[in-house]
Amino acid sequence: MKVIVYTTKTCAYCKQLMKWLEHRNQPYEAYDVTDDIEMRKELYEKTLYTTVPITQVGDKYVVGPQYGKIAKLLG
């Protein structure tokens with residue numbers, strides 16, 4: 001299942017989340033939205049949030065470092 005972590009350059013929670021995924025040996029892509037206004041708009045339309053991290057697991061989105069919710073989606 002494809003995993004994408006939407007992040008910014010200064011997001012400490014994002015870094016922790018990516019380390020957690022690495023510890024679980026879960027492949028993921030990191031997408032920095034710091035300067036990508038269009039992607040930020042798209043994420044807001046899908047989640048109604050402007051904060052990061054936003055983790056996309058397949059077609060589901062998890063806002064914030066909600067490890068339990070992400071682990072459940074990963075199976």
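In the predicted model, helix H1 (residues 12-23) lies across E1, E2 and E3 and runs at about 160° to E1. Contact denotes heavy atoms within 4.5 Å; axes are lines fitted to C-alpha atoms, for helices over the stretch in contact, with angles from 0 to 180 degrees between N-to-C directions. Helices (H or I, at least four residues) and strands (E, at least two) are DSSP runs numbered from the N terminus. The model being predicted, local features require pLDDT of at least 70 and side-chain atom pairs pLDDT 80 or more, whereas totals for chains, interfaces and linings use all residues. Residues are numbered from 1 along each chain as its sequence is written, and side-chain values use heavy atoms, without hydrogens and water.

Four strands form an open sheet with mixed pairing in the order E2-E1-E3-E4, two strands being paired if DSSP finds at least two bridges between them. Strands E2 (29-32) and E4 (60-63) are the edges, each pairing on one side only. Strands E1 (residues 3-7) and E3 (residues 54-57) run antiparallel and are joined by four bridges; valine 3 stands opposite valine 57 in E3.

The largest nonpolar core comprises eleven residues, including Val3, Val5, Leu17, Val57 and Ile70. Such a core is a set of buried Ala, Val, Leu, Ile, Met, Phe, Trp, Tyr and Cys residues joined through side-chain atoms within 4.5 Å, buried meaning under 20% relative accessible area (1.4 Å probe, protein chains only). Elements E1, H1 and helix H3 (67-74) each give two or more residues to this core, and H1 supplies the largest share, four residues. A second, separate core of seven residues includes Ile4, Val33, Met39 and Leu43.

Methods:
Buried < 20%, exposed > 50% of the residue type's maximum accessible area, 1.4 Å probe, protein only.
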